Amino acid sequence: MLDNVITSRQMLSLSYPELDELSAGARQFVQAAALVGEGFTLQEVAQLQSVTTLSLLPLLDEALAAGVVDFAGDRLAFASAEVHRALREQVPSRVRRMLLHSVSPSHLHEAAGPAVPGEEAVFSPENSSGNSTGNSTGNSSGVAEDLLSGLFRAESSAGERLSSSAEDELRTELTRQLSGSTDAAAAGNEADLVVRLFKDDARGRKDWAREILRVHRATPVSAIAAIVLSNLEWAAGSLDEGLHWGREALRLANDALPVTWRPYPSLALGAKLNQLGRFCESATEIGRARALAERLHHHRAITDSMIANGRVLMGRGHMAQAEAELASSVSQARRLGDSTTASHGLALMSLISLARGENGRAADQVWRAGTELAGRPRAALVAHQWADVRVSAEHADPRNAVKLLVGRYPELVTEPSLFLRDHAAAAWLVRLARRAEDTSLAASAVRAVERLAQPSAADPAYTAAALHAWALLHDNVEALECAVRQHRYPFAAAAADEDLGMLLMRRGDREASVGRHLRAARDRYRSIGASAAATRVESVLRELGTGFFPPRSNPASPAAVPLDDLTEAELRIAHLVAGGMTNRQVATRLGRSPHTVNYHLRQIFRKLDIGSRVELARLLD
């Protein structure tokens, strides 16, 4: 009789066989996710399980591969309501209550869904209403401060329309600031002119800014209009115009702006010069802004100048100094209640952690950057979005990393903002897209950076980034060689050297340039503290031995690679490994265990008489 009893877990397996593909860890992950709700985020599950987000990425990858969950906009969701309900009911009610009582965010009250029949409610509106995770600036003009600070630092071009309450708050703050140089009525009129810069589409804002500059000369309004116009032109890729209006804003600011705003035009111009790789000019402008802010005891402007200086140090490859500067800025921003600047600093610090191979620390920093932005929908930063994608891609299958990017942050690829800030971003996206076999993403990244490299651009800095990405997409050695010579950013130059060495390796090049480029990449990475990349290249150099390849086989010879000896499963694994996947990623892609993949890979090496992944990639190229 007992043999005929079907347990609830067996019933679940019969109804949803895809759950049997999950490891024990992945099954615990989806059960915890089910407690959050039919829709959830990785951060919510991490908090529930008291683990880091990074540690959940392999388990998420496994759940995605099995089809148990999928992306739904900026969240994750179960494949069906039935799967969610069944997994939730698998968790004993006592364990369910204990887990939910151990966390405080009020969003879990909403996300947890209806109670299972017979289970007492864990949360109530009365005991969860005070558990907001959002950060308050403790300043009634927080929205206005964020808008004006972001505008002046070139992090905002007044691109998102204001709500009526935010519009009123901005008008009040502007009137207060402007009343020091004119009467209250005139200050109110000038505030209305500025508020209108936040109320239209990009073309309308440009037209209005130009009209202000035509009618109002040497006034606070004209200086702000010049900054808005500079940021809008810059964001559209019109670099000449962006620099022109940035310099004009700086000229107007000396006489027109209220004293407390005067550090910011220099910061906005310094940010643009840094993006062009003109580090000395950038440092000069940022230093001028910081000195003025310190004389004025303007703590927020001091913090913003520290962020800007951290970016310059990152661009120059001085990672340790950049991290120290950014850490100080985050601490000061938190003391001021400036959560947007704190988030910005944490996101940049996570990119430094990634470069060092400290992936767990990077994931924690990205998570903390996100919590700083909670409840501040206008404060989304390109730096945080990019860091989130980079951290997630470290452990996700390439296809799932692309789904996260396109589903959550599609504007990163379609808008110039990312490529203006990071000269290595387009090449990184092409590499990701090729591993995911997504040619449309690769082509989109190349097109986006090519628009910045037009002959009319103010500076040829983006030519190298465009050449680099295009060369990766088309396996073009000559273009990569040009990119290596032209890159101004040390990290981007190191990546181009590595990509060139790997391309020559895949082609079976026998010349010393192969080893030379890989060694140059390793040395560049080491000099800037990018230890993770340096270790990666060093491992390839070790496999290459002297850095030279054995003679290339004669193409006319019929003694080709004995691929016919491989089974269909072995051939598929061979191609995935040759494409750069780890054994774990291959296992996830094929729905096999890593142990099975290891076994097949040993058979592949034996049959092909090779001893490394490098040789396998060269044979299959």
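Analyst: A residue is called buried under 20% relative accessible area, exposed over 50%, and partly exposed in between. The model is a predicted one. F40 has a relative accessibility of 0%, which is under 20%, so F40 counts as buried.

User: What makes F78 buried or exposed?

Analyst: F78 has a relative accessible area of 6%. Because this value is under 20%, F78 is buried.

User: How many aromatic pairs are there, and why is the pair of F40 and F78 called tilted?

Analyst: The count is 5 aromatic pairs. The ring centres of F40 and F78 lie 5.4 Å apart, which is within 6.5 Å, so the two rings pair. F40 belongs to strand β1 (residues 39-40) and F78 to strand β3 (residues 75-78), so that the pair links parts of the chain 38 residues apart. Ring pairs also join F29 with F40 and F78 in a cluster.

User: Why is the pair of W386 and W428 called edge-to-face?

Analyst: The planes of W386 and W428 are 85° apart, and an angle over 60 degrees counts as edge-to-face. The centre-to-centre distance of this pair is 5.2 Å, within the 6.5 Å limit for pairing. W386 lies in helix α21 (residues 382-393) and W428 in helix α25 (residues 425-435), 42 residues apart in the chain. Both tryptophans are buried.

User: How do you know that H468 is buried, and what is H468 in contact with?

Analyst: The relative accessible area of H468 is 0%, under the 20% limit, so H468 is buried. H468 is found in helix α27 (residues 461-474). Apart from neighbours within four places in sequence, H468 is in contact with residues including A427, R431, L480, H487 and D499.

User: What makes α28 and α29 roughly antiparallel?

Analyst: The axes of helix α28 (residues 477-486) and helix α29 (residues 490-506) cross at roughly 155° and come within 9 Å. An angle over 145 degrees counts as roughly antiparallel, and α28 and α29 are therefore described in this way. Their crossing is left-handed. Among the residues that make the contact are L480, A483 and V484 of α28, together with A496, D499 and L503 of α29.

User: Why is E437 called exposed, whereas D475 is called partly exposed?

Analyst: E437 has a relative accessibility of 55%, over the 50% limit, and so counts as exposed. D475 has 32%, between 20% and 50%, and is therefore partly exposed. E437 is in the loop between α25 and α26 (439-451), and D475 is in the loop between α27 and α28. Neither is a glycine, yet E437 has a positive phi of about 55° and D475 a positive phi of about 50°.

Conventions: Residues numbered from 1 in each chain as written. Predicted model: local features only at pLDDT ≥ 70, side-chain atom pairs only at ≥ 80, totals over all residues. Heavy atoms only, no water. Phe/Tyr/Trp six-rings, centres within 6.5 Å; stacked < 30°, edge-to-face > 60°. Helix = DSSP H or I, 4+ residues; strand = E, 2+ residues; numbered from the N terminus. Buried < 20%, exposed > 50% of the residue type's maximum accessible area, 1.4 Å probe, protein only. Contact = heavy atoms within 4.5 Å. Axes fitted to C-alpha atoms, helices over the stretch in contact; angles between N-to-C directions. Parallel < 35°, antiparallel > 145°, perpendicular 65-115°, else oblique. Left-handed = near helix turned anticlockwise from the far one by under 90°.
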